[in-house]
Amino acid sequence: MSLLPRFLKGPKTASIVGCPFSGGQPKVGVDQGPIHLVEAGLIDQLKELGWNVKFDGHHQFEEINTANDPPIGKLKNPRYVSRVCQSVAQAVGEHAKNGELPVTLGGDHSLAMGTISGTFEAHPDACVIWVDAHADINTAETTESGNIHGMPVSFLLGLPGNDHKPNEFGWVKPVLRTDRLVYIGLRDIDSGEKKILKDNNIRAFSMHEVDKYGIGKVVEMALDHVNPNRDRPIHLSFDVDALDPSVAPSTGTPVRGGLTFREGHYICEALWETGLLVALDLMEVNPSLADDVSVQQTVAVGCSLVRSALGETLL
């Protein structure tokens with residue numbers, strides 16, 4: 001637990017970036033996720049693991065609103081999402097440049113457009129491990145819903161099909177390369193996304209591979225792909241809907257057949273053990289979509305995943 005990851009500066013500092021934001025998707029309540037996680041005691045839990053914790057309150061986006069924000073093509077709330085993500089990119093980038101480990105609590109997964117942009121400002125040779133039931137790699141052309149939480153990876157890769165990007169999303173640079181991205185836990189992928197993954201030769205370990213090889217082997221193969229020499233900074237973007245709904249029921253787009261409690265935690269534990277973690281996202285906890293017991297269960301699992309990614313061990 002005293003381990004200082006290679007790319008961080010001492011003293012070991014986790015900077016909580018609370019993002020009560022739901023603009024990338026239509027369901028209310030996901031903006032309450034970070035507030036519940038902090039109220040559940042996450043900050044004290046990280047301090048008990050030996051971290052200095054910076055938390056200046058949740059980011060407030062009152063000055064950015066959805067009024068006068070008509071769709072651009074199919075994209076819903078484009079200006080709102082863009083401005084919030086840009087604000088998050090600046091916050092995450094500053095923490096990362098200071099040698100701190102930004103822990104972004106969402107909020108919907110469109111925020112990763114900001115968090116990963118911020119990480120790459122400080123660590124341009126980083127890689128991304130994206131743990132999710134969904135690929136979130138639709139473009140403005142392939143999206144069926146227009147919800148931007150299903151699109152952040154396509155922006156970060158600079159994929160064709162986002163022709164609106166030079167305008168509202170011009171700040172999002174194509175910082176991510178296809179060989180620096182790997183997915184774990186996919187099981188609900190749109191047909192357009194399947195084509196994008198195949199056409200761009202993007203490595204993805206669906207639940208089929210988790211079943212076939214076991215989570216230990218999958219994590220090893222994922223790291224071998226994006227970080228073969230174990231010398232690149234790692235950004236872990238973890239959507240709680242990667243977990244089976246029996247484990248984390250209170251999320252916006254639950255899909256049966258997901259990661260078990262232990263499989264989700266093993267991913268976090270194994271990435272911590274590399275000593276290469278530089279940023280963590282925990283996204284899509286939505287306390288409004290279930291009964292109180294299920295909400296408490298999901299929030300507790302969210303806190304537990306963060307602790308595992310930041311060094312908590314079973315022994």
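**Before you start**

This is a predicted model, in which local features need pLDDT of at least 70 and side-chain atom pairs count only at pLDDT 80 or more, while totals for chains, interfaces and linings use all residues. Residues are numbered from 1 along each chain as its sequence is written, and side-chain values use heavy atoms, with hydrogens and water left out.

**Stop 1: the sheet**

Show the strands. Helices (H or I, at least four residues) and strands (E, at least two) are DSSP runs, numbered from the N terminus. Eight strands form an open sheet in the order β2-β1-β3-β8-β7-β4-β5-β6, with parallel pairing. Two strands count as paired if DSSP finds at least two bridges between them. Go to the edges: β2 (52-54) and β6 each have a single partner strand, so one side of each lacks a neighbour in the sheet. On average, neighbouring strands here are turned by 15° against each other, direction ignored. Axes are lines fitted to C-alpha atoms, for helices over the stretch in contact, and angles run from 0 to 180 degrees between N-to-C directions.

**Stop 2: strand β1**

Select residues 13-19, which make up β1. How many residues of β1 are buried? Seven of the seven are, so the strand is largely enclosed by the rest of the structure. Buried means under 20% relative accessible area, exposed over 50%, and partly exposed in between (1.4 Å probe, protein chains only). In a regular strand the side chains alternate between the two faces of the sheet. Here T13, S15, V17 and C19 point one way, and A14, I16 and G18 the other.

β1 pairs with β2 in the parallel sense over three bridges, and T13 stands opposite N52. β1 also pairs with β3 (residues 101-106), parallel again, over six bridges. Look for S15 opposite P102 there.

Zoom in on I16. It is buried, at 5% relative accessibility. Contact means heavy atoms within 4.5 Å. Beyond its neighbours within four places in sequence, I16 is in contact with I43, L46, V53, K54, F55, V103 and L105.

**Stop 3: β7 and β8**

Select β7 (234-239) and β8 (residues 277-283). Six bridges join them, and they run parallel. F238 stands opposite L282 in β8.

**Stop 4: helix α8**

Select residues 215-226. These 12 residues should span 16 Å at 1.5 Å a residue, and the end C-alpha atoms are 17 Å apart, which agrees. The expected span is 1.5 Å times one less than the number of residues. α8 lies across β4, β5, β6 and β7, running at about 160° to β5. Its buried residues are I215, V218, V219, M221, A222, L223 and V226. What covers them includes β4 (127-131), β5 (181-186), α7 (207-213) and α9 (261-273).

**Stop 5: E269 in α9**

Move to E269, in helix α9. Is E269 buried or exposed? E269 is buried, with a relative accessible area of 13%. E269 touches R262, S308, E312 and L314, not counting residues up to four places away in sequence.

**Stop 6: α3 against α4**

Select α3 (residues 78-97) and α4 (residues 112-122). They pack at an angle of about 35°, with axes 7 Å apart. Their contact has eight nonpolar, six polar and two charged residues. Ala, Val, Leu, Ile, Met, Phe, Trp, Tyr, Cys and Pro count as nonpolar, Asp, Glu, Lys and Arg as charged, and the others, Gly among them, as polar. Show V81, C85 and V88 in α3 and M113, G114 and T115 in α4, which are among the residues that meet.

**Stop 7**

Select G10 and P11: a cis peptide bond joins them, with omega about -10°. P11 lies in the segment before β1. A cis peptide bond also joins G106 and G107, with omega about 20°. G107 is in the loop between β3 and α4.

Next, D136, in the loop between β4 and α5 (152-157). D136 has a positive phi of about 50° although it is not a glycine, and it is buried at 6% relative accessible area. Finish at E284, in the loop between β8 and α10 (292-309). Phi of E284 is positive too, near 75°, and E284 is buried at 2% relative accessibility.
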